[in-house]
Amino acid sequence: MSMALEPRRQLLQLLGALVMGFALGALYDLLRPPRRRIGRLCAALLDLLFALLAGAATFLYAMGALDGRLGLWELTASALGFLLYMPLLSPLFYPLFSACFAFLCRMIGSCKILCAKVPISAKKNFQKVRKCFIVKR
């Protein structure tokens with residue numbers, strides 16, 4: 001009976017690796033907008049982050065779903081999922097991720113402007129308060 005379940009289990013493992021490849025493609029798309037707007041050093045650090053996360057995901061998948069073994073079929077299915085994600089789903093998700101990142105950049109820019117105005121305003125207001133406590137001769 002366990003022999004009959006083995007092909008089904010292997011098929012589910014391959015499908016899981018394919019889905020993991022799609023997820024890694026989505027992660028790549030999520031990191032692509034910041035990579036394009038920041039310098040080369042930060043882009044290289046994001047590439048390193050992606051590689052570490054992809055390696056960790058593959059390792060954890062091998063440990064969990066594959067009972068600690070990772071075969072060539074699973075790696076191929078994962079790479080195929082990534083390669084299928086790029087032409088099929090990336091055109092849908094990348095503009096969304098890019099718009100979200102642009103919105104986040106605008107919000108951070110607004111916060112920077114606000115944070116720059118707070119000390120100036122505080123300085124003006126506290127100078128007026130200080131004058132109230134000066135004893136005139």
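**Reading aromatic pairs in a helical chain**

Tutor: The chain has four helices and zero strands. Helices (H or I, at least four residues) and strands (E, at least two) are DSSP runs, numbered from the N terminus. The order of elements is α-α-α-α. This is a predicted model: local features need pLDDT of at least 70, side-chain atom pairs count only at pLDDT 80 or more, and totals for chains, interfaces and linings use all residues. Residues are numbered from 1 along each chain as its sequence is written, and side-chain values use heavy atoms, with hydrogens and water left out.

Student: What percentage of the 137 residues count as buried?

Tutor: Buried means under 20% relative accessible area, exposed over 50%, partly exposed in between (1.4 Å probe, protein chains only). Here 22% of the 137 residues count as buried.

Student: What share of contacts between residues at least 6 apart join residues at least 24 apart?

Tutor: Contact means heavy atoms within 4.5 Å. In this chain the share is 78%.

Student: How is a pair of aromatic rings described?

Tutor: By the distance of the centres and the angle of the planes. Rings of Phe, Tyr and Trp (its six-membered ring) pair if their centres lie within 6.5 Å; planes under 30 degrees apart count as stacked, over 60 as edge-to-face and the rest as tilted. The whole structure holds six aromatic pairs. One of them is Tyr-28 with Phe-50, edge-to-face, at 5.6 Å centre to centre and 70 degrees between the planes.

Student: Where do Tyr-28 and Phe-50 lie?

Tutor: Tyr-28 is in helix 1 (residues 2-37) and Phe-50 in helix 2 (residues 40-64). They are 22 residues apart, so the pair links distant parts of the chain. Phe-50 is buried at 17% relative accessible area. Tyr-28 is partly exposed at 27%.

Student: Why is the pair of Tyr-28 and Phe-82 edge-to-face?

Tutor: Because the planes stand at 75 degrees, with the ring centres 5.9 Å apart. Phe-82 lies in helix 3 (residues 72-88), so its pair with Tyr-28 in helix 1 ties together parts 54 residues apart in sequence. Phe-82 is partly exposed, at 22% relative accessibility.

Student: Which residues form one aromatic cluster?

Tutor: Phe-22, Tyr-85, Phe-93 and Phe-97.

Student: Which ring does the charged end of Arg-32 sit over?

Tutor: A charge sits over a ring if NZ of Lys or CZ of Arg is within 6 Å of the ring centre and within 35 degrees of the ring normal. For Arg-32, the ring is that of Tyr-94, with the charged end 4.1 Å from the ring centre.
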